[in-house]
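The entries run in the order I made them.

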Amino acid sequence: MLYKRSSELFVEALKYIPGGVNSPVRAFKSVGGTPIFIKKANGAYLFDEDDKRYIDYINSWGPMILGHAYQPVIDAVIEKTKLGTSFGTPTEIETKIAKLAVSMVPNIDKIRFVNSGTEACMSAVRLARGFTKREKIIKFRGCYHGHSDSFLIAAGSGLSTFGVPSSPGVTKGTAQDTLLANFNDLNSVKELFQANKNEIAAIIIEPVAGNMGCVPPVNNFLQELRSICDENGTLLIFDEVMTGFRLAKGGAQELFNVNADIVCFGKVIGGGLPVGAFAARTEIMDYLAPVGPVYQAGTLSGNPLAMAAGLAMLQAINNDAELFNRLEAKTAYLEEGIRKVLNANNKTFTVNRVGSMISIFFCENAVENYEDASKADTPEFKKFFHDLLERGIYIAPSSYETWFITDALSYEDLDETIKVIDEVTK
Ligand SMILES: *Cc1c(COP(=O)(O)O)cnc(C)c1O
């Protein structure tokens with residue numbers, strides 16, 4: 001039986017862990033069925049507890065851009081582990097990875113390491129508020145910046161620009177300071193600035209949205225945000241937790257040639273260990289404790305194992321001049337193959353892609369914002385997901401998630417994937 005051991009393990013997990021998972025998307029709630037439990041992974045493949053093999057298009061939600069069990073990362077972590085796993089003191093490796101990250105990413109002088117993307121975004125916003133001495137922030141509907149209170153905000157009713165909490169436990173007070181704009185809609189941003197003059201500390205954005213499926217910025221949208229921020233004394237925060245070290249060495253800042261004031265990292269920067277970071281020019285970063293007044297700390301921040309994994313990862317990316325060309329070529333090949341078979345099978349769909357981030361939406365409209373993305377046909381996606389899973393292709397269990405292409409994928413893997421997509425959509 002397919003997924004036999006996974007089903008048993010899930011039943012047991014449900015007894016002791018809420019929903020059986022430690023992060024909700026893993027539970028397959030939006031597609032139904034039982035999540036598969038993974039035993040091990042290598043290169044482009046996952047192996048579940050029933051020893052079924054999958055070609056992996058999630059890649060731990062982004063970090064495994066060079067494939068699973070990437071040897072230099074594994075070796076670096078093993079060697080570091082032998083020296084002790086945490087000291088709560090400064091270590092040399094923190095400066096090494098900081099120096100490398102600063103050399104790879106445009107427009108940053110200093111970086112601080114934390115333990116997750118959530119922490120990075122939460123801290124970046126606090127820093128922006130401290131630096132500007134303002135309280136409000138603008139975020140975009142459908143963008144995800146981790147699960148801290150300020151970001152769990154939904155649209156207010158009617159034309160109201162105030163956010164309302166989208167999760168119990170987030171206070172109305174917190175929600176009031178998060179203003180919501182529409183992705184790719186400059187007017188929605190301008191209106192917020194008019195109504196909240198001199199009150200907006202920062203705009204935070206995923207420069208390529210990846211948490212409503214992959215949604216690229218329309219022409220000059222990011223450049224225009226940069227100008228609006230400059231005119232208003234507001235900081236521009238790029239949440240590059242997904243795009244950082246994925247779209248280019250220097251992330252979306254480099255790809256779109258737009259400078260952000262604060263940049264957030266996670267995922268790839270930890271090479272598969274829990275790492276996040278945020279970075280900016282010295283003038284801004286020196287607002288942080290212990291130099292400046294904005295408090296931010298972490299017992300395990302800059303942990304030696306995490307830094308060893310991250311450093312090995314960034315070195316591999318930095319030393320491989322062809323990596324991003326290969327990723328682009330592989331993902332373009334996949335995109336072309338998918339378009340071809342879906343067209344041949346008379347499917348209605350939209351494919352969005354930037355570099356190695358790609359999504360298929362089963363809808364006829366273009367997808368440029370959250371509202372567009374939510375028109376994608378859910379029952380069709382569910383069936384598509386399960387049909388692929390059964391045939392050994394593991395894509396994200398929600399149409400609001402991007403596929404992450406890894407360099408470990410071979411063209412045979414891509415051909416196999418296209419063949420399976422053809423079969424299941426015939
Ligand atoms: C994943 C993600 C986060 C949150 O990172 P965690 O490590 O899960 O806390 C924040 N922002 C973006 C854009 C992400 O994709």
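**Entry 1: H68**

I note that the model is a predicted one.

Next I placed H68 in the fold. H68 sits in the loop that joins β3 (53–56) to α2 (71–81).

Which side chains make polar contacts with the side chain of H68? I found the side chain of D56, at 2.7 Å. I also found the side chain of N59, at 3.5 Å.

I then listed the contacts of H68, skipping neighbours within four places in sequence. The list reads A41, N42, G43, Y45, L46, D56 and N59.

**Entry 2: aromatic pairs**

How many aromatic pairs does a search of the whole structure find? I got twelve. I followed up two of them.

I took Y57 and W403 to begin with. Their ring centres are 5.4 Å apart and their planes stand at 55 degrees, so I call the pair tilted. Y57 is in the loop between β3 and α2, and W403 is in strand β16 (residues 403–404), so this pair ties together parts 346 residues apart in sequence. The loop between β3 and α2 also holds H68.

Are Y57 and W403 buried or exposed? Y57 is buried, with a relative accessible area of 0%. W403 is buried as well, with 4%.

I turned to Y370 and Y400. The ring centres are 5.7 Å apart and the planes are at 25 degrees, so this pair is stacked. Y370 belongs to helix α12 (residues 370–373), and Y400 to the loop between β15 (393–394) and β16, so the pair ties together parts 30 residues apart in sequence.

Y370 is partly exposed, with a relative accessible area of 36%. Y400 is partly exposed, with 25%.

I also logged one aromatic cluster. F140, F183 and F221 form it.

**Entry 3: charges over rings**

I looked for Lys and Arg over ring faces. K40 lies over the face of F47, at 5.1 Å from the ring centre. R53 lies over the face of Y45, at 3.9 Å from the ring centre.

How much space lies in the second largest pocket? I noted about 370 Å³. The pocket has 17 lining residues, and those closest to its centre are A98, K110, I111, R112 and F113. Two elements, α3 (92–104) and β4 (110–114), each give two or more residues to the lining. The largest share comes from β4, with four residues.

**Entry 4: F362**

Where is F362 found? I located it in the loop between β14 (357–361) and α12. The other end of that loop, α12, is the helix that contains Y370. F362 has 4% relative accessibility, so it counts as buried.

I compared F362 with D377. They are 15 residues apart along the chain, and their C-alpha atoms are separated by 5.2 Å. D377 also turns up when I list what F362 touches, leaving out residues up to four places away in sequence. That list is T348, F349, K375, A376, D377, E380, F381 and F384.

**Entry 5: T171**

I found T171 in the loop between β7 (164–165) and α5 (172–176). T171 is partly exposed, with a relative accessible area of 44%. Its side chain makes a polar contact with the side chain of T174, at 2.9 Å.

T171 and E390 are 219 residues apart along the chain, and their C-alpha atoms are separated by 42 Å.

**Entry 6: D177**

I moved to the other end of α5. D177 lies in the loop between α5 and β8 (178–181).

Why do I log D177 as buried? Its relative accessible area is 19%, and buried means under 20%, so D177 qualifies.

Leaving aside neighbours within four places in sequence, I listed its contacts. D177 is in contact with R129, E135, K136 and I137.

Notes
Residues numbered from 1 in each chain as written. Predicted model: local features only at pLDDT ≥ 70, side-chain atom pairs only at ≥ 80, totals over all residues. Heavy atoms only, no water. Polar contact = N/O pair within 3.5 Å; in protein donor to acceptor, adjacent residues only side chain to side chain. Contact = heavy atoms within 4.5 Å. Phe/Tyr/Trp six-rings, centres within 6.5 Å; stacked < 30°, edge-to-face > 60°. Buried < 20%, exposed > 50% of the residue type's maximum accessible area, 1.4 Å probe, protein only. Lys NZ or Arg CZ within 6 Å of the ring centre and 35° of its normal. 1 Å grid on protein atoms, 1.4 Å probe; cavity = no way out; pocket = protein on both sides within 12 Å on 5 of 7 lines; lining within 4 Å. Points joined across faces, edges and corners; volume = space filled by probe spheres on them.
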